[in-house]
Amino acid sequence: MSTIILRGGVEVEHPLELALEFLATSSSFDAYTSSGPGSFDEGDLRLANRGGARISAAEIAAILERRGEIERALRKVRPDASLAGATSSVPWIPLTRLFAAFAEIRGVGFSKMTKALHRKRPALIPMLDSVVQAYLTRDDLEPRSSESFGERATALVRSYKQDLDRNRSALRETGQELASREYRLSEVRILDILIWSMSAAT
C-alpha cells in the first residue's frame with residue numbers, strides 16, 4: 001500500500017489500516033443513504049448529525065427555510081462531480097453558489113454545512129469541520145475580508161484538492177481495498193478520515 005503524504009511532511013504509511021480502524025469505531029454515518037441526488041430535506045440534516053454535525057432543531061428549521069434555494073443550487077452540480085478529476089472539470093461556480101445558499105444562517109458554518117452536503121456529492125464536497133479547517137489553514141490560507149461565505153468555503157475545497165491531487169493514486173488504491181471489504185468511500189472521504197486520524201494522534 002502506497003504512503004500518503006500530508007502537510008508538514010507527515011507520512012501515512014498504512015492508510016488502509018488507519019481507515020479501517022476509524023471505520024470500525026466511527027458512527028454509522030458512512031453506512032446510511034441520503035435522499036435523492038437532487039433533493040435536500042430534514043433526513044439529510046439528521047444524517048449529518050450522525051456524522052457529528054450537531055445541528056440543532058432551530059438550525060434545521062432555519063436551513064429548511066432555504067430548501068428551495070439549496071435544491072436549485074444542488075441540481076446545478078452533477079451527482080458524479082468529483083474533486084479527484086482535473087481542476088478544470090470541477091464545477092467551482094455552481095459549488096460556490098451551493099455553499100452561498102447556506103450563508104448567514106445563525107449557528108451554521110462550514111462544518112455543519114459540508115457535513116450536510118457531503119453525502120449529496122460525496123466525491124466532491126469534503127467535510128470542513130474544525131479539524132480539517134485547522135489543517136488546511138495551518139500555513140498560508142488566510143481568508144480575505146472581501147470574500148463571501150461561499151467563496152471562503154470554495155477556497156478551502158480548492159486547498160483540499162491540493163492534498164487529493166498529491167495523493168491521488170494512493171487514495172484510489174486505498175479506496176479499492178476498502179471496497180473489497182464492503183466500505184465504498186470516495187477519495188474525498190478517505191482523505192478526511194486520514195487527516196482526522198493523524199490529527200488525533202498528534
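Helix α10 contributes the most to the lining of the largest pocket, with three residues. Helices here are DSSP runs of H or I of at least four residues, numbered from the N terminus. The model is predicted: local features need pLDDT of at least 70, side-chain atom pairs count only at pLDDT 80 or more, and totals for chains, interfaces and linings use all residues. Residues are numbered from 1 along each chain as its sequence is written, and side-chain values use heavy atoms, with hydrogens and water left out.

Both α10 (187–201) and α1 (15–25) supply at least two residues of this lining. A pocket is an open set of points on a 1 Å grid over the protein atoms alone, where a 1.4 Å probe fits, with protein on both sides within 12 Å along at least five of seven lines; lining residues have an atom within 4 Å of a point. The space in the largest pocket is about 220 Å³, a volume being the space filled by probe spheres set on the points. Of its 14 lining residues, Phe22, Gly51, Met127, Arg189 and Trp196 lie nearest the centre. By class, the lining has four nonpolar, five polar and five charged residues, with Gly counted as polar.

Elsewhere, the axes of α2 (residues 42–50) and α3 (residues 57–64) come within 10 Å and cross at roughly 140 degrees. Axes are lines fitted to C-alpha atoms over the stretch in contact, with angles from 0 to 180 degrees between N-to-C directions. Glu42, Leu45, Arg46 and Asn49 of α2 meet Ile60, Ile63 and Leu64 of α3, contact meaning heavy atoms within 4.5 Å. This contact comprises four nonpolar, one polar and two charged residues.
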